[in-house]
Amino acid sequence: MNFNTKIRYDFIGNRNKFFLFSITLTIVGILSLLFFSLNFGVDFKAGTNMDILVGKAATQQDAKAILEKAGIEGITPTVGGTGNERISARFDEVLTQAKIVEIQEGFKAKYGDQVSSEVNVVSPDMAQELGIKTIWAILIASVAIMIYVMFRFEWRFALAANIAILYDAFVVVALFSIFRLEVDLPFIAAVLTTIGYSINDKIVIFDRIRENLRFGQFKNREQLAEMVNASIWQTMARNVYTVLAVLIVAVCLFIFGSESIKLFALAKIIGLSSGAYSSICIASPLWLLLKGKQKPKAVVKTTA
């Protein structure tokens, strides 16, 4: 089989550049997490979340004024829903029942007795439990994917894929830490779905590598590298179309969606972009690196 891809970009030949970029981003992300941690939302720290339906058009300025009158400063509520009738406010503390009633009465005084509200309180113990369960969810998903790939392919594919998908998840976490974006339960859903979409791209490329490996004979590492690079280009169109289909939806959600879904959509955009990058520039070169360390099989001599 002819794997000459000199007229195309050599991803494998430039793998050290990609590795250097990825390692640099990982180090920056680790430093950001160590010094600044994550900007946790109410879901992961003690606090109160109020969703208030006022029954008529509301403005952010009026909602903020009502909260300030109740003695709560520095909170910027979001206004959305049909006709801007829903107001959402998140507080970094567990509000007392008396304070909740005071806020509710303030909105009723402004918009009438038809005002209704939903209050969610996250205690410190619940926040800690959610954090632990989140870590377990990501670890279990990663291990399950690694086992699946190991059964379908081989351990080198599984290890390369798992390193790449963990990198994708970490990129989302790191960028949210660097830019101080809020981390909540929808963010975790975005990270987990990122892992799922990311492994899909890698499986497509790995399947083509395995097929080319089965029907080709490779005498040295250079020929093997040409085959991997060709496999990437042979699956490029399919991977690009698949990622773009979901990426367009995520971008539309980010642009036209409500405030409550924008960060979820942003996390998806980051995760999808990272997944496409890592499938080509990390997972495949990593497999080649692991394959290159494989000891050649001994040739069995037969006697006449």
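A crossing of two helices is left-handed if the near helix is turned anticlockwise from the far one by less than a right angle, and right-handed if clockwise. With that in hand, here is a short tour of close-up views. The model is predicted, so local features need pLDDT of at least 70 and side-chain atom pairs count only at pLDDT 80 or more, while totals for chains, interfaces and linings use all residues. Residues are numbered from 1 along each chain as its sequence is written, and side-chain values use heavy atoms, with hydrogens and water left out.

**View 1. Helix α6 against helix α8.**
The crossing of α6 and α8 is right-handed. Helices (H or I, at least four residues) and strands (E, at least two) are DSSP runs, numbered from the N terminus. The two axes come within 10 Å and cross at roughly 165°; axes are lines fitted to C-alpha atoms, for helices over the stretch in contact, and angles run from 0 to 180 degrees between N-to-C directions. That angle makes α6 roughly antiparallel to α8 (under 35 degrees counts as roughly parallel, over 145 as roughly antiparallel, 65 to 115 as roughly perpendicular and the rest as oblique). On the α6 side, look for Tyr197, Asn200, Asp201, Val204 and Ile205, which meet Arg238, Asn239, Thr242, Val243 and Val246 in α8; contact means heavy atoms within 4.5 Å. By class, this contact has five nonpolar, three polar and two charged residues. Here Ala, Val, Leu, Ile, Met, Phe, Trp, Tyr, Cys and Pro count as nonpolar, Asp, Glu, Lys and Arg as charged, and the others, Gly among them, as polar.

The structure holds one cavity of 30 Å³ or more. On a 1 Å grid over the protein atoms alone, a cavity is a set of points where a 1.4 Å probe fits but cannot get out, and a pocket is an open set with protein on both sides within 12 Å along at least five of seven lines; lining residues have an atom within 4 Å of a point. About 70 Å³ of space lies in the largest cavity, where grid points are joined across faces, edges and corners and a volume is the space filled by probe spheres set on the points. Its lining includes Thr194, Tyr197, Asp201, Val243 and Gly271. Helices α6 (185-215), α8 (236-256) and α9 (259-292) each give two or more residues to this lining. The lining divides into five nonpolar, five polar and one charged residue.

**View 2. The largest pocket.**
This pocket has a volume of about 920 Å³. Of its 32 lining residues, Thr78, Ser88, Arg90, Glu182 and Ser260 lie nearest the centre. Two or more lining residues come from each of β1 (39-40), β2 (47-53), β3 (78-80), β4 (86-91), β5 (116-122) and α9. Helix α9 gives the most, with five residues. The classes here are 10 nonpolar, 12 polar and 10 charged.

**View 3. The second largest pocket.**
About 480 Å³ of space lies in this pocket. Among its 18 lining residues, Leu38, Thr134, Ile135, Ile138 and Val173 lie nearest the centre. Helices α4 (124-152), α5 (155-178) and α6 each give two or more residues, and α4 gives the most, with five. The lining has 15 nonpolar, three polar and no charged residues.

**View 4. Helix α4 against helix α5.**
These two helices pack at an angle of about 150°, with their axes 8 Å apart. They are therefore roughly antiparallel to each other, and α4 passes α5 in a right-handed crossing. Ser142, Ile145, Met146, Val149 and Met150 in α4 meet residues of α5 that include Trp155, Phe157, Leu159 and Asn162. The contact has 10 nonpolar, two polar and no charged residues.

**View 5. Helix α7 against helix α9.**
The axes of α7 (residues 221-234) and α9 come within 11 Å and cross at roughly 155°. That makes α7 roughly antiparallel to α9, and the crossing is right-handed. Among the residues in contact are Arg221, Leu224 and Met227 of α7, along with Ile280, Trp287 and Lys291 of α9. By class, nine are nonpolar, two polar and two charged in the whole contact.
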